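Here's a quick tour for anyone meeting this structure for the first time. Take a look, then read on.

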Amino acid sequence: MDGAESRPEQVTLILEGERHTIAVPEGETILSAALGAGLYVESSCEVGDCGTCKLRRLSGAAEQDNDMGLTDEEVEAGYVLCCVGRPQGPGLVLSDER
Amino acid sequence: MFDRQFHLEPFVRFEELRRHRPVFYVEALDAWLLLRHDHVKQVLQDPRTFSSDDPRWHTEEFETAPTMITSDDPTHRRLRALAQPAFTPRRIAKLATAVEELCESILDEVEARGDRFDLVEAFSGPFPAIVIAELLGVPREDYPRFRRIAAQAVLATRPEPERSVGMRAGQELNAYYGAFLRERRESGELGDDLTSDFIRAQRDGAECSDGELEAMGSLFLIAGHETTTNLINNAVRCLDDAPKLRAKVVADPDCARDLVTEVLRYRGPVLGNFRFTTRTVEIGETVLPAGSRVLPMLMAANHDPNEYEAPGEFQLERRAKGHLGFGRGIHRCLGEPLAKLEAEIAIPALYRRFPELRVDTERDILPVEVPVIHGCRELHVRV
């Protein structure tokens, strides 16, 4: 059992101008961790299709199972769908500033 | 309060009400109007407290299956999931060329009408109606019929006696789409359209009844064009007093995105949507008991000076953050990518074709007079 792998990643969310740092446990999405921490991230379909929960990646890396909710330009610009997005390593910062 | 003058310029009355009575009971609608951005957001972000499943929609006379806009989770989520894949931003982006071609072909017909016409009848009505017809796979030539029924169906949001007229029209539209659905299913001819997707999903075991599919198709026939028609109408009204902006729209099609965003904030086509409280809840200083009806006014929120500087000014480059033109939260408009695509294509194309287009001041603008829509039944223009 590798303790380091299961450690939650710290993710910073900038929502309506305020910075919040949340812990995202392995296997959990950024959206569910944010909601669990009492933050409101707007979302709708929660399967990566509608694009409502997209946030712009300012630094760090994220992976997502589905990105149909993003246009090609948004993928290029580094948007992440929080409902299916997970941090890939430390230092992920996401912002709702579009 | 909901007279013709209100429907032409709702923000004038919202402004005064927001200052003095931001949570305001309207007896005729048996609903509390909400006019502040933070109050409207509170409602849209909390679907458990503010239900979309209003008992008003379930009368014995007009019982219909739930739709994603008249239900809460898990029903809402199940129904939305059937249609969501067809409306992803990526799939909608692929329709751009076909939508552009359709727009230009309708404008060719508009050109033959001479120098004065009703924009709604000639262009802003048919264009989105044909797009949604093609998406659903219903015959394009049926659009005048479903536009007529849809215009009546929205009356269901008015007090009686219009409400019953609207509910009956809703049933007529369900029956129209239901007949089409059955025909397609029986013929077995499935194609690349949403109706075929529904039939395949149902065949593959998706949990949805025939009644739910009928109601969903019918919802698309209404929501799929009424809002976009009025987004285009409202854009024309916004641009009418702004010659420099009109010139910019013609010269620089890239500004269409900013233009549509500001129209959605300043003069969006959806005024608001009813919600029903499931518990006692405070909105500002007003305590509403469980079972109260609220009508969060998106457009009033989008003009709230606590949220936007100089909200009464139409500013092309405002790029309003957090505007509520498409709603917010789980019920946020499913058709947002399509509506944006259509409007971003239609508005520059219209002014490229008719650079001198202006609202005809010799004719009255006839507004849509229902409490949930801001738009025009007739908008006469001169070109």
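## Ground rules

A contact here means heavy atoms within 4.5 Å. With that in hand, 52% of the contacts in chain A between residues at least 6 apart in sequence join residues at least 24 apart.

This is a predicted model, where local features need pLDDT of at least 70, side-chain atom pairs count only at pLDDT 80 or more, and totals for chains, interfaces and linings use all residues. Residues are numbered from 1 along each chain as its sequence is written, chains are lettered from A and ligands numbered from 1 in the order in which they are written, and side-chain values use heavy atoms, with hydrogens and water left out.

## Chain A at a glance

Chain A has three helices and seven strands, counted as DSSP runs (helices H or I, at least four residues; strands E, at least two) numbered from the N terminus. Starting at the N terminus, they go α-β-β-α-β-β-α-β-β-β.

Buried residues (under 20% relative accessible area, 1.4 Å probe, protein chains only) make up 47% of the 98 residues in chain A. Its C-alpha atoms fill a box of roughly 40 × 25 × 25 Å along the principal axes.

## The nonpolar cores

A nonpolar core is a set of buried Ala, Val, Leu, Ile, Met, Phe, Trp, Tyr and Cys residues joined through side-chain atoms within 4.5 Å. The largest one has 107 residues, and Phe123(B), Phe127(B) and Phe220(B) have the most contacts inside it. Helix α12 of chain B (residues 210-240) gives the most to this core: twelve residues. Apart from it there's another core of 22 residues, including Ala33(A) and Leu70(A).

Conventions. Buried means under 20% relative accessible area, exposed over 50%, partly exposed in between (1.4 Å probe, protein chains only).
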